[in-house]
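Good morning, and thank you for coming.

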Amino acid sequence: MIREFSSADVLFIMSAARWTLILSAIAFLGGAIGGLSIALARTSHGKWLRRIAAWFIQVFQGTPLLMQLFLVYFGLAVVGLPINPLLAAAVALTLHASAYLGEIWRGAIEAVPSGQTEAATALALSYPDRMRHVVLPQALRIATAPTVGFLVQLIKGTSLASIIGFTELTRAGQIVNNATFKPFLVFGTVAAIYFILCWPLSLLARHMETRMRRAITR
Amino acid sequence: MYQFNFQPVVDSMDLLLHGAWLTVRLSLMAMALGLIVSVLGAIGKTSGIRPVRWLIDVYVEVIRNTPFLVQIFFIFFGLPAVGVSMSANTAALVALVINVGAYGTEIIRAGIESVPQGQIEAGRALGLSPAKIFRYVVLKPALRNIYPSLTSQFIYLMLTSSVVSVISANDLASAGADLNAQTFASFEIYLVLTIMYFLLSLGFSALFAVIRRLFFTYPASR
């Protein structure tokens with residue numbers, strides 16, 4: 001049965017956008033914790049710690065997010081967990097975000113002049129104090145713009161969760177399209193909602209980047 | 001306890017290798033056409049004509065702020081509704097070119113703007129034609145300046161191309177999906193696919209390093 005594309009469908013699609021946001025938030029929070037660990041490991045003095053972090057980044061940046069999603073999805077069965085699209089998508093996107101944020105934040109930590117660390121060491125600050133009070137606050141300023149930029153990439157990435165059957169924005173569009181067969185209208189609407197979510201973040205990232213550049217050149 | 005079974009993957013390795021070749025071919029075509037779109041887009045954006053600049057801005061922002069998956073759905077399922085239909089393989093290539101063209105436009109525009117004005121004036125003083133100035137004085141140094149970001153965008157394009165399997169266009173991920181439908185050795189298949197994509201990305205990195213050595217290592221400043 002083919003029915004008309006109605007306001008109820010638009011509401012259904014818009015309420016599914018909530019899951020896109022929830023999934024993005026989970027992946028971003030998880031990725032922030034993972035990414036910070038990766039960035040600290042990557043800049044640490046332990047040779048093996050640095051190597052493992054570099055390897056982690058290279059593997060996750062060198063393979064498609066779609067494959068990562070499939071691997072985690074089918075991997076749940078391997079470790080004896082029930083197959084659950086939300087869990088699989090959350091885990092895969094968290095790992096993905098950890099690698100990308102880890103790389104962005106490593107760059108930010110390394111951009112803080114080494115004299116800062118040396119001065120903090122000379123003041124007998126311990127590693128945690130040095131990081132918390134001296135290096136990370138400065139790295140944070142450098143990292144903000146690219147981090148917001150990555151958030152856009154992450155929100156777009158959650159659309160792939162639809163392929164393993166998780167009903168977020170894109171999957172809701174597919175469901176409505178299957179019932180109404182108005183692909184031009186349906187996928188146009190879906191694209192418009194993604195655009196409304198992502199564009200302000202892109203503008204914000206660009207604005208912060210210009211401000212940062214001006215602050216550095218001054 | 002899960003029993004690993006790699007036999008189906010080993011038996012169908014030729015199928016997967018063929019799929020990998022299709023992914024390489026699709027990516028190379030999308031990179032070449034995408035580079036053309038990017039250069040044209042960047043020329044349009046740095047030229048003075050306002051409506052052209054405005055149109056390119058819309059194109060770049062729309063593509064960069066919507067997921068590739070939705071773009072390919074729109075092209076493959078949405079466009080036939082307004083009379084533009086194409087095969088899955090064509091739709092995949094078109095979607096990839098449009099996608100990478102938007103990122104490439106921004107990257108190359110930044111490269112063109114990084115070329116100092118004095119260099120263009122020097123070219124003019126030497127009596128070079130505008131076309132030659134663009135080719136040798138603007139585009140080549142611009143491409144060298146943005147070579148790392150452009151090539152990492154190209155590798156990202158190759159990874160993204162796995163998404164074309166959702167419309168059953170022919171590539172490595174599709175070959176894996178077909179094999180999965182026949183054998184259900186899902187985890188093993190996707191593990192091998194992931195490793196193959198990783199090797200492809202290493203291969204492309206190596207290729208781009210060679211191209212850089214061959215064409216972009218002339219003296220930068222003296």
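Predicted model: local features only at pLDDT ≥ 70, side-chain atom pairs only at ≥ 80, totals over all residues.

Let me begin with chain B. What secondary structure does chain B contain? Chain B has nine helices and zero strands, and from the N terminus on its elements run α-α-α-α-α-α-α-α-α. Along its principal axes, the C-alpha trace of chain B spans about 75 × 45 × 25 Å. Of the 222 residues in chain B, 41% are buried. Among the contacts in chain B with a separation of 6 or more, 78% come from residues 24 or more positions apart.

I turn to a helix pair within this chain. Helix 7 of chain B, residues 130-160, packs against helix 9 of chain B, residues 186-215, at an angle of about 155°, and their axes are 10 Å apart. An angle over 145 degrees counts as roughly antiparallel, and helix 7 and helix 9 of chain B are therefore roughly antiparallel to each other. Their crossing is right-handed. On the side of helix 7 of chain B, the contact includes B:Tyr147, B:Phe154 and B:Met158; on the side of helix 9 of chain B, it includes B:Leu200, B:Phe204 and B:Arg212. By class, the residues of this contact are nine nonpolar, three polar and one charged.

At what angle do helix 6 and helix 8 of chain A pack? Helix 6 of chain A, residues 127-157, and helix 8 of chain A, residues 183-217, pack at about 165°, with their axes 8 Å apart. That angle makes helix 6 of chain A roughly antiparallel to helix 8 of chain A. The crossing of these two helices of chain A is left-handed. Among the residues that meet here are A:Val148, A:Gly149 and A:Val152 in helix 6 of chain A, and A:Leu201, A:Ala205 and A:Met208 in helix 8 of chain A. This contact has 13 nonpolar, three polar and two charged residues.

In soluble globular proteins, nonpolar side chains tend to be buried together. The largest nonpolar core here has 117 residues, of which A:Leu69, A:Ala89 and B:Ile72 touch the most other members. Which helix gives the most to this core? Helix 4 of chain A, residues 85-111, does, with 14 residues. Leaving aside its neighbours within four places in sequence, A:Leu69 is in contact with residues including A:Ala88, A:Ala89, A:Ala92 and A:Leu160.

Thank you for your attention.

Technical notes:
Residues numbered from 1 in each chain as written. Chains lettered and ligands numbered in written order. Axes fitted to C-alpha atoms, helices over the stretch in contact; angles between N-to-C directions. Helix = DSSP H or I, 4+ residues; strand = E, 2+ residues; numbered from the N terminus. Parallel < 35°, antiparallel > 145°, perpendicular 65-115°, else oblique. Left-handed = near helix turned anticlockwise from the far one by under 90°. Contact = placed C-beta atoms within 7 Å. Nonpolar A, V, L, I, M, F, W, Y, C, P; charged D, E, K, R; others polar. Buried ≥ 20, exposed ≤ 12 C-beta atoms within 10 Å, placed from the backbone. Core = buried A, V, L, I, M, F, W, Y, C linked by C-beta atoms within 7 Å.
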